[in-house]
Amino acid sequence: MMNLPYSEELHIENLSRLFDNTSECYKFFWFKAIVEKVIAGENEISFEELVDDMIASAWYMVTEFHLNLGPKDTLESVVKLIKDKNPHFKSSIKKSELLAYLSETKDKEIISKKRTLILNVPYRLQAPFVPEIKGKVWDVPKDVLIENINRSNRIMYYFLGINGLSTKIVVKDEWVDYFIKNQEIVKGWLEYNMILYIQKRNPSVPGIADKLYPPQERKLEDIKKYWKLILTIEPVKEIYGKNTLTAKDISIDHFVPWSYVAHDEMWNLNPTTKSINSAKSNNLPDWDIYFKRLAKLEYKAYQMMWKYDLVRKEFEKCAKKHINDDKIKYRIYESKIGFEQFERELESVILPVYKSALNCGFGTWEYKKMDD
């Protein structure tokens, strides 16, 4: 459990209760947007700016990582709606581009969804700060509600009138100072609570902590060096298009996409070409077509590791970073076994992960010459 820094001027115990009653994800994203705006130097912010930021923050979780944000979640549904209406938008689109689209769009359906996001969360987030507002008092007209909230001297922000998405909040100076001074701790506390919430709704999904933000470029140069060494000794054909690899065009692929596994374990990595890796994107390769090929390719590298000291040396360098489970290392790589046993062991590690990714909505993919 993370604790927030104490303040003599502020009711931090109320802030710490912000996410006590959270059935949907809105509170996390609304608060996250406020903190980020304040740190960037803004304290007077429109509902629309905050909603756009919420959508942009959720974009990667929903489109890239296929995370479930909650039962019938409106934020998740608006992200999917935008993706459906803009199939050319990549899941890795820059946040600035997405924000520009959201601020300019005239699409009535998207604007309607944005309005749904402001029905309750701007007000309900501050519930711990206004304990005197209870029960049906929350259900009064919005102009009456904001008058009731604005009267409290304990609130985090107050409202300037009521005008739909153009309504503005003003974060109080003492809270601006607190968020700026303690920004790393506050962001860490928020992340901790988001992880708990999202993990609860995605119990079989690994690496939630790595999926709160846009995907980062993976550093796999050591794995690439390992495979480049192997193909100087014997020709290597990648498993999707059966192309003979060259040192110039080699790319390292995650068999089960990184956007699901969120790790770079060696048993899930295989060499392919740059164009095929790009075409495969974050899809699952058809198991019936490609797993046997993967097992044969991995077994070839396994045999060479035992045959050539130089390959063994490079393998050990990679294993230090890319095999983090000693049991898996022993079962698959540490003893001289035949292909059938090797294939069984590899399958027992990859197949459960593959099936779980499939159940989470990752699509399957098959190589076609035109992809290349």
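This is a predicted model: local features need pLDDT of at least 70, side-chain atom pairs count only at pLDDT 80 or more; totals for chains, interfaces and linings use all residues.
Local features need pLDDT of at least 70, side-chain atom pairs count only at pLDDT 80 or more, and totals for chains, interfaces and linings use all residues. Residues are numbered from 1 along each chain as its sequence is written, and side-chain values use heavy atoms, without hydrogens and water.

Strands (E, at least two residues) and helices (H or I, at least four) are DSSP runs, numbered from the N terminus. Pairing requires at least two DSSP bridges between two strands. S1 (residues 44–46) and S3 (residues 168–171) share three bridges. Ser46 is bridged to Lys168 in S3, and Ile45 to Ile169. S2 (residues 157–160) pairs with S3 over four bridges; here Tyr157 has Val171 as its partner.

The axes of helix H11 (residues 221–233) and helix H15 (residues 309–322) come within 9 Å and cross at roughly 160 degrees. Axes are lines fitted to C-alpha atoms, for helices over the stretch in contact; angles run from 0 to 180 degrees between N-to-C directions. H11 and H15 are therefore roughly antiparallel, a term for angles over 145 degrees. Contact means heavy atoms within 4.5 Å. In H11, the residues that meet H15 include Tyr226, Leu229 and Ile233. Their counterparts in H15 include Leu310, Phe315 and Cys318.

Conventions: Angles under 35 degrees count as roughly parallel, over 145 as roughly antiparallel, 65 to 115 as roughly perpendicular and the rest as oblique.
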